[in-house]
Structure formats: structure tokens, C-alpha cells
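Biologist: Could we go through this structure together? I would like to begin with a helix and then move on to other parts.

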Amino acid sequence: MAVELTGAEILVQALKDEGVEFVWGYPGGAVLHIYDAIFQQKAVQHILVRHEQAATHAADGYARATGNVGVALVTSGPGATNAVTGIATAYMDSIPMVVITGQVPVPFIGSDAFQEVDITGITRPCVKHNFLVKRVEDIADTMAKAFYIAKTGRPGPVLVDIPKDVTDPSVRVPYAYPKKVSMRSYRPVEKGNARQVRKAVDLMVKALRPVIYTGGGVVLGEASDELRKLIKHTNFPVTNTLMGLGSVAASDRHFLGMLGMHGTYEANMAMHEADLIIAIGARFDDRVTGKLAQFCPNAKIVHVDVDPASISKNVRVDVPIVGQVKPVLKDMLKFLQERKTAPDAAALKEWWGRINAWRSMDCLSYVNSDKVIKPQYAIETLHKVTKRRDFYLTSDVGQHQMFAAQFYPFEKPRRWINSGGLGTMGFGLPAAMGVQQAFPKATVACVTGEASIQMCIQELATCSQYDLPIKIVLLNNGYMGMVRQWQEFFYDKRYSHSYVDALPDFARLAETYGHVGMTIESPGDLEAAYKEAFSLKNRLVFMNVIIDPEENVYPMIEAGKGHHEMHMSPHLSAERELA
């Protein structure tokens, strides 16, 4: 005979049955029955954050690093609306997440009751799916569907809104968790169409100037091994989006670096001159394509993606392949190996010659200083100190994010955790919390800026409560750095409200939360400070690194320009003129 449970107990048991380790959340009136059920068990650990936005970012960071579904729990009204930024962040980057929100009792829905908002209506544009559960009997089935939807097909956040009376402790019903989920209206594709894959292979063996362009779908689809085998077999050059970094080892000779707005010269020029683009798990984002009319003007395009809605959405493609990246790449490699003809070796040699000529420009080079810390040097030194560690790096959004993407060479997938699509300031620290909870013995660092860190700086308290030894590297230039850079380039240096005034003493502030604080101002002190910080294995260390306030991110493609129209670093332009 099935055991009878309350709605709150059913919810917690469903989390157990899904293998959930952690729930990040913040209590409130509408979810108190759920919190009481959490209190009475130990299998699912609840992490008390200090703001609901942080709960969603921490669940997101956990999901990105592990591949598992992240879970957040917040109350109704402002608790739910505070979580929307994190939900949208996960949605834009296709991160599997289940967010449970409290709601006012069913009879009060629509009456403007205290702390009532229509969170299913609010989140409809930024979730993969959402549910409003009105009967206790529906909780188990709804939770099973939520997890299934979140992690299959193109992953994404799913919201489950639960009115307080549905978790009433006086109401009990038999509990049975579905062993299998089947939804008539939702049948995600797994394998790609073999005929389409063979068409792609036909184009690959005929191509003279091919480029493999990969995005976050390779990471999310656990397809890095297959991608690396394909690259080795074909000898094709490969470039990653911001979200795809780590899917190919940065040290691989085939890797051209990141492409797009702040991508490398060789990656962008190769894309512009290519006659075949094999896009894998990427969505042709505007930060990658630049001006659409000038995007890969001479190339045929193959596009592999699990989401049919993403194919030909922004860029028309010649060979669409709908399916999970991993099985599609396996088939692609299999069909290539079966063929008697192979890609033209002589043409590829000539193509690599052109690429290596572009590489010789050394587009990421910069003029270092022994007086002021350059942000590029700060990231290079971070890599020097951490490269032999089991290391994960999160970031916030802005110049520091781009410098990290350009100058920290990622060798493995799921080690670079950042907000790509939404570009969410405040993401870095709570995301690092989620990663550190998932991998307590790993080294986790967050690269941030003085504007971004203050968005969720209260989470230093969460780190103190749960003994999370995250290392925070604040690249402090006194500005909203990327805003200042755009104002320099396009607004005649009218720095309207981008100067971040009245900053706290970050090192001392960290100490008030019980952490270790450091301020580093000299390039000569940086490496030793890093080594000291990372030697403190059981302490959070907040490193306030004072950097050159005028350093910009190069290369840069301004909005509305093509891949071949890059702003290069002034010192490279000067060298060109001298030459």
C-alpha cells in the first residue's frame, strides 16, 4: 500500500527520487510548509542564500559544472520576481534548472492577495515550460515532468508554482513517483537524420576552406570527445563561441581561439574567408555573426542543433541537422571513415598557411607594464598559478569576462562558467557557490569587476555560513569597464555614469564577513599574492586587484560590422604602420 504524504512531503520526496543533492533558496510565508518538510529530512541539503537571484545563479552554476539539474526554491511575490533574472540567465544559455516558487492559496489567486504575482505569466517568455499546481495529487507527476523537460532536448529552466494550501500539512494523499515520463506534446529528437548527415559529409570532403564553429551545445551535450576526434580526423580548424570554450583544448593546434565581437583575428578572418561552416551546438548569436549581410559571405553552412527552432532562425543554412550533438558527431565521423575520398590535403595545407599567417599577427598581444597591473597580465598570472589544479572559473559580465575568455586557456569542458546570452552582472559569485558545493575539493575562482560584484555581494555571508573557500579575483579599474570602452569608442569619451564612485574597501569588507581580504596594486606583487591566496585551501580570499583603468579589450568588432572589420590594439596598428 502506498505511503500517504502531505504536499510538502511529496515535493521533498520527489527531489530525493530525482537524486537532487542541493536546493538553493530563501524562505517566506508561501513556502513555509515546504521548508518544514525540508527541515525534517537530511537527504536533500538546503543552502540558505541572501537573495533569491543568488539562489537561481547558484543552481545555474551547479548545473553548468555538473550537467545535473539545478534546483532553487523561493517564496511568492517578491521572492519569485527576484528570481526572474536568474531564470532568464539560464534560459538564454540553455541550462537545466527547476525553480519552485510559492504561491498564495488557490482560492486567493487573482484577488491581489498579499505577496501575489502571476509568476507563470511573468516567466512565460523566459522558461522552457512552467506549471501552476492546484491539486496535491498533481505534485509528483508535475515534478517528474519538470525534471524531464529541463534536462532533455534543448535544456532549460522549468518553473513549478505551488500555492500554499496545496502543501497543507493536514492533507495527505498516496505517494507514487512516476518511473517514466511520456508527454504527447513533447518528444525531443535524439539522433539526426542520416541522409542530412551524409549531405554534410559530402560538403566536408569537397571543402577547400572549412571551419568548424562550435557553441555551448557541445558542452551541454557532453560531446567534447566526439568533437575532438572529428577535428583530428579531418584536420579542420575549429573555433568556439564564448559558451563553447573548453569543448576543444585551448592547446590543440587546430583551435583558433574564440570568435565574434572579441574573438581572435585568425578565428574571425577564417570565418569570413571560409567556403564551408560546420556549426555545431551554436545559435548564430549577434555577438558572433556581426553584420548578417557580411557573415561568411562565401560559405555553405551546415547546422547541427537539437532545437529545430534555432536552425535558420538568424542565418539561412544549407544543410540543417536536428538532433543531439553527440550522436550526430558520431555518425558524421563514422560516415567520413567509411568514405574512400577524404578532404583535399593540399587545399587544407594551403588553408592552414593562410590561417597561420593571420595567427602570426598575435592579435592578443599587449604592452605590459611594471608600474600598473594590466588585466591581461592578471589573467595570465592566474593561469600560471592554477593550471595544475582541478580548477573551475566563473565570471561576471564585462571587460573582465572577456579578458578571462581570451587569456585563460581552458583545456576541459564545464570549467568556464559565465553568463553568455543574458550577460548578467552579479552572476559570478553565486555561480561559484554552486560549483564549490558540487565539487568541494576543487579550486573555484570568480573573476569579477567592482560594479558586478556589488550586485550580489551579500552572498559573502552565504560563503561564510557554508565554509565555501572560493577565491574572488576583482579586476578593479574604477569603471563599468565595458560601458566605459564603448563610451570611449562611440561617444567621444563622454563617460556618462560609468565611473563607479564611492567604492568600499573590498578587502576590509570581505574581512567583516569573516574572510581573507587582499589589495594588490603592483605587478611585482601579483604572483606572490595569488600563490598565498590559493594556498589557503579552506578560506575564501577576496583579492582586490587594482588594474589599469584605461585598458580596452581587443580585438573588437563594433555592432553592425563584419568579421573582417576588427578594431585591433593600438600597438598592433602602430607596428603595422612602422612596417
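**Helix H17 and beyond**

Modeller: Gly428, Leu429, Pro430, Ala431, Ala432, Met433, Gly434, Val435, Gln436, Gln437 and Ala438 of H17 are buried. Buried means under 20% relative accessible area, exposed over 50% and partly exposed in between, with a 1.4 Å probe and protein chains only. Helices (H or I, at least four residues) and strands (E, at least two) are DSSP runs, numbered from the N terminus.

Biologist: How many residues of helix H17 are buried?

Modeller: In H17 (residues 428-438), 11 of 11 residues are buried, which leaves the helix mostly covered.

Biologist: What kind of model is this?

Modeller: This is a predicted model, in which local features need pLDDT of at least 70 and side-chain atom pairs count only at pLDDT 80 or more, while totals for chains, interfaces and linings use all residues. Residues are numbered from 1 along each chain as its sequence is written, and side-chain values use heavy atoms, with hydrogens and water left out.

Biologist: What does Cys456 touch?

Modeller: Leaving aside residues up to four places away in sequence, Cys456 touches Gln53, Gly426, Leu429 and Pro430; contact means heavy atoms within 4.5 Å. Leu429 and Pro430 are among the buried residues of H17.

Biologist: Is Cys456 buried or exposed, and where is it placed?

Modeller: Cys456 counts as buried because its relative accessibility is 2%. Its place is in the loop between S17 and helix H18 (460-465).

Biologist: Turning to the cores, which residues have the most contacts inside the largest nonpolar one?

Modeller: Those are Ile280, Met332, Leu393 and Met543, in a core of 101 residues. Helix H13 (residues 325-338) supplies the largest share of this core, 7 residues. A second, separate core has 51 residues, including Cys126, Leu159, Ala442 and Leu460. A nonpolar core is a set of buried Ala, Val, Leu, Ile, Met, Phe, Trp, Tyr and Cys residues joined through side-chain atoms within 4.5 Å.

Biologist: And what does Met543 touch?

Modeller: Beyond four places in sequence, Met543 touches Lys471, Ile472, Val473, Leu474, Met518, Ile520, Tyr530, Ala533 and Phe534. Tyr530, Ala533 and Phe534 are among the buried residues of helix H21 (residues 523-535). The buried residues of H21 pack against H15 and several strands, including S18 (471-476), S19 (516-520) and S20 (541-546).

Biologist: How do H15 and H16 pack?

Modeller: Helix H15 (residues 375-386) and helix H16 (residues 399-407) pack at an angle of about 50°, and their axes are 9 Å apart. Axes are lines fitted to C-alpha atoms, for helices over the stretch in contact, and angles run from 0 to 180 degrees between N-to-C directions.

Biologist: Which residues make that contact?

Modeller: H15 contributes Pro375, Gln376, Ile379 and Glu380, and H16 contributes Phe403, Ala404 and Phe407.

Biologist: Where is the cis peptide bond?

Modeller: The cis bond joins Tyr554 and Pro555, with omega about -5°. Pro555 lies in the loop between S20 and helix H22 (570-578).
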